[in-house]
Amino acid sequence: SRRIELGEPLARIGVFRLAADRWLVDVNLHHVIADDWSCSVFFDELAALYDNRPLPPLAGQFAEYVQASRGRPAGETLRRRFAGYPGPFELPTDRPRPAAPTGNGAVLGLELDEDAAAGIAAAARRHGVSRFMIALAAVHLVLSRYAERDDLALGVPVAGRGRPGTDDLIGYFVTMTLARINPAPDATVTDLLRHVREVCLE
């Protein structure tokens with residue numbers, strides 16, 4: 001696969017014959033038209049059609065979701081959520097930050113072993129939170145130590161499929177939102193997880 005350039009079709013599918021009884025289907029979808037969830041929907045539908053199974057009727061279209069989203073008054077909610085917020089926080093860095101962002105950087109991968117993953121899942125069940133909420137609380141703990149304050153706003157991705165009928169649609173539903181995490185100064189881990197849960201479900 002090669003990247004899709006501006007002006008090219010946003011979906012590209014190629015079928016390659018590898019042998020008399022072996023084929024390869026290459027699907028290249030630009031992220032502007034399909035999120036990860038959509039890819040699962042696409043391949044489930046492709047498998048159904050390959051097996052000659054009918055597809056269920058759709059409850060709506062992505063364009064309808066976009067139109068409905070435009071009418072949502074988010075400003076008042078954000079104003080209430082961020083009333084009194086102290087503003088951006090600075091983190092110590094090993095190099096001076098450039099005046100203009102360059103996008104240069106690296107990605108550090110981390111893979112948890114089975115015991116650690118099982119421990120996190122057990123803790124999530126015990127506290128009535130998701131594993132994502134535990135991860136968000138952990139990120140907050142680390143950043144709050146470096147930022148030397150507890151009141152932080154962290155960007156988090158949201159699936160955006162809360163409306164009925166969106167589970168089976170293909171489109172880019174993911175959006176970024178700000179989660180303001182501001183636990184009490186004497187909060188325990190249990191208190192922090194409860195607070196993060198409230199913020200995520202707000």
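Helices here are DSSP runs of H or I with at least four residues, strands are E runs of at least two, and both are numbered from the N terminus. This is a predicted model, so to speak of local features a pLDDT of at least 70 is needed, side-chain atom pairs count only at pLDDT 80 or more, and totals for chains, interfaces and linings use all residues. Residues are numbered from 1 along each chain as its sequence is written, and side-chain values use heavy atoms, with hydrogens and water left out.

Start with the loops. Val107 sits in the loop between helix H3 (75-81) and helix H4 (114-127). Is Val107 buried or exposed? Buried means under 20% relative accessible area, exposed means over 50%, and partly exposed is in between, with a 1.4 Å probe and protein chains only. Val107 has 81% relative accessibility, so it counts as exposed. Its C-alpha atom is separated by 21 Å from that of Thr175, which is 68 residues away along the chain.

Two other loop residues have a backbone angle to note. Asn52 is not a glycine, yet it has a positive phi of about 65 degrees. Asn52 belongs to the loop between helix H1 (36-50) and helix H2 (62-70), and it counts as exposed because its relative accessibility is 71%. Glu148 is not a glycine either, and has a positive phi of about 60 degrees. Glu148 lies in the loop between helix H5 (131-147) and S3; at 73% relative accessibility, Glu148 is exposed.

Thr166 is placed between strand S3 (152-158) and strand S4 (175-181), in the loop. With 2% relative accessibility, Thr166 counts as buried. Leaving aside neighbours within four places in sequence, Thr166 is in contact with Tyr65, Arg161 and Phe173.

Next, two arginines. Arg81 is in helix H3 and is buried, with a relative accessible area of 18%. Its side chain reaches the backbone oxygen of Leu178 at 3.2 Å. Not counting residues up to four places away in sequence, Arg81 touches Thr177, Leu178, Arg180 and Glu202. Arg22, by contrast, is exposed at 54% relative accessible area.

On cysteines: a disulfide is a pair of cysteine sulfur atoms within 2.5 Å, and the structure holds zero of them. Cys39 is partly exposed at 25% relative accessible area, and Cys200 is partly exposed at 30% relative accessibility.

Last, a pocket. On a 1 Å grid over the protein atoms alone, a pocket is an open set of points where a 1.4 Å probe fits, with protein on both sides within 12 Å along at least five of seven lines; lining residues have an atom within 4 Å of a point. The second largest pocket is lined by Leu91, Pro92, Thr93, Arg97 and Leu143.

Note on methods: Contact = heavy atoms within 4.5 Å. Polar contact = N/O pair within 3.5 Å; in protein donor to acceptor, adjacent residues only side chain to side chain.
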